[in-house]
Amino acid sequence: MVGPTASLSNLHRADGSASYKCPVTGYDVLGAVNAPIELPARKDALKPEDATIEVFVKPGKATAGVGERYVERILRTMLEKVILGREKGLPRRGVVITLAAVGGEAAERGDSYITIIPALLHASLLALISAAVPLSMTFTTTLLGVTRSGQIIRDPSPAAAKAVASLHVLSFSSKGHLLLSESQGRFDFETWELVRQQAASICRAVATTGSDGDTDMGEGADGAHVDAFVRETVEDSLHRDYTWKLESA
Amino acid sequence: MAREAPPALVEQEFILNALKEDIRLDGRGVDQFRPLNITFGEEYGHVKLQLGKTSLVVRISAEVTKPRDDRPFDGLFNIAMELSAMGSPAWENGRSTDYETHVTHVLDRVVRHSNALDTESLCILKGVSCWSIRADVHVLDYDGNLTDAACIAVMTGLQHFRRPDAVVRDGQVIVYGVEERVPVALNITHKPLSVSFCTFNEGHNILVDATRKEEQAAEGEMVIGINNGGEVCFVSKFSGASLDPISVVEKTDVALLKVKELNTQLDKVLQADLAKRAKLGMADESRAANDR
């Protein structure tokens with residue numbers, strides 16, 4: 001399986017930026033973060049001791065509509081928990097996250113919109129890291145589809161997502177907590193539990209302990225873990241940023 | 001932040017005084033564009049453009065819709081440009097600025113109203129169905145001269161784009177997929193581009209392709225839309241200091257020269273990309289192995 005590709009800090013004007021491309025689902029998202037930024041008056045009055053998080057999703061080939069507003073809400077509620085908005089310099093300031101689908105696939109009219117969430121979340125996480133916004137933890141997200149025969153498929157493309165019985169987006173923190181669970185379609189709780197287990201093993205490199213006490217070493221066949229991918233991307237960019245220091249040492 | 005942070009007064013003075021000696025901050029000539037770099041994405045009509053540090057992405061898409069009642073023979077063509085906080089922290093998401101209205105107006109005038117894209121060729125069945133072409137401009141980095149950059153990118157995108165073939169059989173519209181029939185290029189009638197000029201020092205210095213800092217130090221602005229044949233399709237002098245009419249005429253010649261230069265460059269890039277695509281397509285067809 002071809003893994004996703006990502007790069008950090010590719011824009012000049014934004015405080016932090018990242019591009020995330022997933023060849024399997026076909027999404028290509030560019031994220032930009034401006035933080036901390038002065039917000040127009042009165043927006044910060046509701047929570048004076050916290051930062052205001054704004055998420056803006058821009059579709060590639062259409063005007064933004066209900067679908068974008070829907071995923072923006074999901075992203076905002078999740079990121080508000082992860083960003084440390086009470087750190088020095090952040091209260092009463094804004095963290096503006098702009099995400100644009102600059103290439104690749106797009107969900108057609110009437111398609112499920114949750115298929116794009118993993119790409120958006122990864123792009124915003126990497127952009128937040130690139131902008132050096134304080135975060136309590138990192139996270140990884142995956143999209144799973146359950147076919148009518150009960151088979152779980154990883155990262156279905158928008159075309160394949162039309163045919164599945166249910167779609168699930170799950171996000172895990174770097175400490176293993178379940179941060180986000182969005183589902184669509186018909187499924188029972190047992191299916192969801194199976195989906196959760198598989199998602200956990202895809203997202204996290206740390207071995208998960210099964211119910212029988214056996215240590216499951218994760219899906220070796222499925223390629224790299226998303227967690228490792230995020231780490232490697234950030235390590236690479238840090239390495240590049242500090243070349244001057246490493247070489248002089 | 002509601003507006004761009006202005007450069008310091010000393011910096012503005014420096015720019016103006018340097019210009020008095022005909023020197024620009026980046027050492028360019030008065031009528032010289034910044035290096036232009038155009039790449040294409042995998043799909044048709046996906047253009048990534050970089051003009052100096054200004055960079056943007058244009059995506060062209062086509063859709064079958066019903067034509068407007070008063071124009072049953074015409075297809076639809078729209079340019080959508082929304083400035084988001086990605087391009088500059090001064091732009092707020094979901095709220096349009098004066099600058100956005102200005103740039104979209106110029107784009108609309110130069111590309112759409114000059115009929116660069118022949119909308120009548122987009123008609124499939126009179127009054128029933130037509131193609132709706134949409135150009136989405138995403139500004140990634142803003143460092144001055146957005147109008148010209150966006151104009152070049154949209155025009156390149158239109159020339160690069162291929163729409164699926166559609167035919168009418170027994171009153172039924174059939175749209176063929178890209179695999180079934182070779183997609184069709186759009187009908188471009190002429191290739192207009194805009195060239196913006198910034199004026200300094202009471203109209204003594206008039207610069208082409210100003211950077212953001214130069215734009216902020218400028219006293220006035222003028223945009224000329226012109227095509228390869230020298231037909232002027234748009235002139236605007238919205239704001240700023242007044243300008244000598246003679247210099248408007250003079251700068252029209254400069255604009256023509258620039259547009260010719262740019263269009264040759266665009267043609268070269270487009271040809272190279274099409275040749276690459278043709279080669280890839282042949283390689284795909286002649287391959288014996290199945291795609292696994």
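How many bridges join strand E11 (residues 193-200) of chain B to E13(B), and do these strands run parallel or antiparallel? The legends below take up this pairing first and then turn to other parts of the model.

**View 1. Strand E13 of chain B and its partners.** Seven bridges join E11(B) to E13(B), and the two strands run antiparallel; strands here are DSSP runs (E, at least two residues) and helices are DSSP runs too (H or I, at least four residues), numbered from the N terminus, while two strands pair if DSSP finds at least two bridges between them. This is a predicted model, in which local features need pLDDT of at least 70 and side-chain atom pairs count only at pLDDT 80 or more, whereas totals for chains, interfaces and linings use all residues. Residues are numbered from 1 along each chain as its sequence is written, and chains are lettered from A and ligands numbered from 1 in the order in which they are written. E13(B), residues 220-226, is mostly covered, with six of its seven residues buried (a residue is buried if 20 or more other C-beta atoms, placed from the backbone, lie within 10 Å of its own).

**View 2. The hairpin of E13(B) and E14(B).** Four bridges join E13(B) to strand E14 (residues 232-236) of chain B, and these strands run antiparallel, with B:Ile226 standing opposite B:Val232. Five residues lie between the strands of this hairpin, in which B:Gly230 takes a positive phi near 85°.

**View 3. The open four-stranded sheet of chain A.** The strands of this sheet follow the order E7-E6-E8-E9, with antiparallel pairing. Strand E7 (152-154) and strand E9 (178-185) stand at the edges, each with a single partner strand, so one side of each is left without a neighbour in the sheet. From one strand to the next the twist averages 20°. Three bridges join strand E6 (residues 139-146) of chain A to E7(A), and A:Val146 stands opposite A:Ile152 in E7(A). Helix H2 (residues 117-130) of chain A packs on the sheet, touching E6, strand E8 (166-173) and E9, and its direction makes about 175° with that of E6(A) (axes are lines fitted to C-alpha atoms, for helices over the stretch in contact, and angles run from 0 to 180 degrees between N-to-C directions; two residues are in contact if their C-beta atoms, placed from the backbone, lie within 7 Å). Helix H4 (residues 189-203) of chain A also packs on the sheet, touching E6, E7, E8 and E9, with its direction at about 140° to that of E6(A).

**View 4. Two crossing helices of chain B.** The axes of helix H2 (residues 98-113) and helix H3 (residues 146-160) of chain B come within 10 Å and cross at roughly 40°. The contact involves, among others, B:Val103 and B:Leu107 of H2(B) and B:Ala150 and B:Val154 of H3(B).

**View 5. The contact between the chains.** Chain B gives 23 residues to the contact and chain A gives 21 residues. On the side of chain B that touches chain A, strand E3 (54-65) and strand E6 (129-141) of chain B each supply at least two residues, and the largest share, five residues, comes from E6(B).

Notes. A residue is buried if 20 or more other C-beta atoms lie within 10 Å of its own, exposed if 12 or fewer, and partly exposed in between; C-beta atoms are placed from the backbone.
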